[in-house]
Amino acid sequence: MLNKLMNKILGGTVNTTENQVAAQVTAEPVAHTAPATGEQKQPRRRTTTRRPAGEGRTNHDGENTSRPRRNANNRTNTNGGTAATRRTNTRRNAESDEGTERKPRQTRAPRGEHGENTRNTRTNRTRNGQNQNRSERTNRSTNRNSHHDQGEQVELIGRTPNGANKGKFQIIPLGGLGEIGKNMTVFQYEDEIIVLDSGLAFPSEDMLGVDIVIPDMSYIIENKDRVKAVVITHGHEDHIGSLAYLMKEISCPVYATNLVCGLIEGKFKEHKVSPKCLRTIAAGDEVQIGQVKVGFIQTNHSIPDSCAVYFDTPIGTVLHTGDFKIDQTPVDGRLMDMHKFAELGNKGVLALLSDSTNVEKPGTTGSESSVGPAIKQAVGEAKGRVVLATFASNVSRIQQAIDAAVFYKRKVVIMGRSMVNVTEIAQERGYLNVPPNTIIDVDVMHNYTDDQIMILTTGSQGEPMAGLSRMATSNHRTVELAPNDTVIISATPIPGNEGAVGRTIDNLLRLGCNVVYGKDRGIHVSGHASQEELKTMLNLVRPEYFIPVHGEYRMLRRHGELGVAMGVDPKKVLIGDNGQIFEFDKNGGRKGGRVQAGAIFVDGLGVGDVGNIVIRDRQQLAQEGMVIVVMAMDKASGTIVAGPDLVSRGFVYVRDAEELMLAAERRVDQVLEDCELQRIKDWTTIKQNVRDALGKFFYDKTRRRPMILPIIQDV
């Protein structure tokens with residue numbers, strides 16, 4: 001029996017968390033789910049006072065629990081253990097601090113129902129088919145990251161009573177402040193909400209296994225009946241990447257320009273979201289949404305059809321620049337509408353929210369059209385195939401690459417799903433001019449010589465699964481790079497990606513390729529305004545209040561200083577972080593309370609079921625490995641009838657550490673004997689004693705702290 005259990009454990013993938021939910025989570029963050037069997041639905045509180053966002057709210061398994069942990073002896077069921085087929089409840093020996101994390105209180109089923117104590121440990125929560133309900137509840141607050149002082153007591157607002165915000169205009173960033181990416185901002189006049197952008201961020205290297213990071217949308221979901229519209233500034237992933245997740249939870253129109261609507265339609269199709277909510281607008285349009293008039297202004301960025309957005313409210317005009325730069329010679333010929341910004345400035349702008357990404361860079365940002373000659377020169381010097389990697393959404397860059405290919409009579413092969421999707425949508429909607437027979441399928445590429453081929457691919461940021469990274473490691477299924485090939489990396493690394501990009505370049509050079517990269521080659525310019533352009537924006541608009549957005553905290557502070565230098569009253573420069581309410585009324589503007597904000601991790605089909613503690617588990621597994629302790633126990637007598645057997649994964653190689661593992665088994669035997677002498681039959685206590693003793697033993701012998709998972713089989 002013990003051998004079968006061991007085979008079952010090792011035959012598949014060992015869970016990184018000790019009591020991981022079996023069901024895949026398909027619900028979106030903060031989704032409201034029906035109560036599980038035996039539970040009573042708890043009425044939603046309209047205004048609550050909570051601890052600061054970012055404080056731990058999840059238990060070791062990433063699930064919401066009803067109370068802080070209690071003594072192990074008080075948490076067992078009436079039978080003193082778990083059923084034979086039930087997943088075992090285990091915890092890590094190194095995470096004793098988790099017991100201090102506070103959990104949201106939830107309504108419990110009456111005690112004694114189903115013959116067990118409902119204040120039981122997580123082991124008992126997997127009964128009666130409640131896995132899915134529990135998994136969906138975890139989405140509400142799996143991961144609450146915040147940058148404000150954790151010790152500060154702040155009122156967190158979920159939903160205010162109707163009419164409580166009369167005469168007030170509130171700006172509530174849910175993403176994009178103190179960080180790069182996952183941009184999302186709520187603009188609320190009285191009880192009417194307009195959401196600006198719904199983006200994502202890519203995980204950092206320590207977010208093991210996470211696919212993408214999206215904003216915590218709790219506030220929007222709790223007020224979804226008040227949401228009148230979603231407005232999109234442009235089509236980059238950090239502005240539209242989480243829109244499909246949002247639109248599964250709310251119902252309202254989405255206003256975006258032509259190209260952006262095309263990109264959103266593709267995302268909606270993947271997520272099975274209806275595109276009927278999309279409303280196509282153009283720069284220069286104005287739309288009345290409730291009591292607010294929303295206008296769109298042409299700007300320049302590294303993707304066409306980018307707009308700034310202004311909100312004309314009864315108490316004043318608020319302007320959000322979106323991502324922008326001032327490009328005097330844009331590739332598509334569409335100049336930024338400086339006159340409209342000046343017109344708004346002359347009428348009076350209550351508050352300006354401006355892009356801070358490049359505020360640390362002096363001077364001005366180069367024109368996108370300056371990249372074309374550099375690409376053309378690199379292509380002209382190439383002897384073999386040309387592989388050009390850039391952002392898939394940079395349609396202007398793709399246009400210039402195709403122009404260079406046509407000039408040198410090369411055929412173009414598009415690789416990478418996002419690159420293929422964007423080029424197809426841009427062609428269909430008239431944003432990409434490609435001569436007939438220029439783009440060919442990868443399957444016919446072998447019909448041409450190397451000097452007749454250009455490959456456009458993704459992977460400019462060193463993404464492991466992207467086309468260029470696969471080529472660099474000789475893992476691409478159709479392209480094998482040769483020493484005669486030229487690789488052009490037409491991008492600069494996003495902060496945090498420098499290491500991955502460097503490794504990709506190293507691998508390409510090892511293959512003998514000629515790699516063209518770096519700022520000095522002129523093959524890339526930023527899409528964000530530098531200091532002089534930011535000054536120009538402040539001069540044109542002359543806002544009463546200034547709120548720097550879209551940047552890490554040092555960037556926001558630097559932009560605030562720039563605003564003061566341009567004449568903004570220092571007291572009216574408002575710098576905050578995600579969740580901060582900036583409130584305006586007839587008496588002026590100020591920082592108000594806070595709403596729940598942070599990050600939700602998306603891992604596979606699971607949205608929000610991976611939180612900080614699960615990530616810590618993964619980090620511990622990656623750094624220290626794990627040891628599984630398997631034993632069989634007679635529940636009635638509390639006697640161990642088989643085992644313990646120890647299995648190591650990522651900790652030590654057992655064949656080279658037989659003496660260590662045998663000594664560890666003897667240590668476990670001693671713990672079990674002590675439990676029998678003390679008549680301890682409670683499985684949770686036994687497991688904790690095994691975990692503590694074995695953790696101390698391994699640390700004394702190896703100075704490592706592997707994750708220890710005791711598993712007891714009932715016989």
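I count two strands as paired if DSSP finds at least two bridges between them. Helices (H or I, at least four residues) and strands (E, at least two) are DSSP runs, numbered from the N terminus.

**Entry 1: ground rules.** My model is predicted, so I note that local features need pLDDT of at least 70, side-chain atom pairs count only at pLDDT 80 or more, and totals for chains, interfaces and linings use all residues. Residues are numbered from 1 along each chain as its sequence is written, and side-chain values use heavy atoms, with hydrogens and water left out.

**Entry 2: the sheet.** I looked up the strand pair β3 (residues 184-189) and β4 (residues 192-196) and found them antiparallel, joined by five bridges. Tyr189 sits opposite Glu192 of β4. Both strands belong to an open sheet of nine strands with mixed pairing, in the order β1-β22-β21-β2-β3-β4-β6-β7-β8. Its edges are β1 (156-157) and β8 (278-280), each pairing on one side only.

**Entry 3: two helices.** Next I checked how α8 (residues 371-381) packs with α9 (residues 395-407): the angle is about 40° and the axes are 9 Å apart. Axes are lines fitted to C-alpha atoms, for helices over the stretch in contact, and angles run from 0 to 180 degrees between N-to-C directions. The two helices are therefore oblique to each other (angles under 35 degrees count as roughly parallel, over 145 as roughly antiparallel, 65 to 115 as roughly perpendicular and the rest as oblique). I then listed who touches whom, with contact meaning heavy atoms within 4.5 Å. From α8, Val371, Gly372, Ile375, Lys376 and Val379 meet Arg397, Gln400, Ala401, Ala404 and Phe407 of α9.
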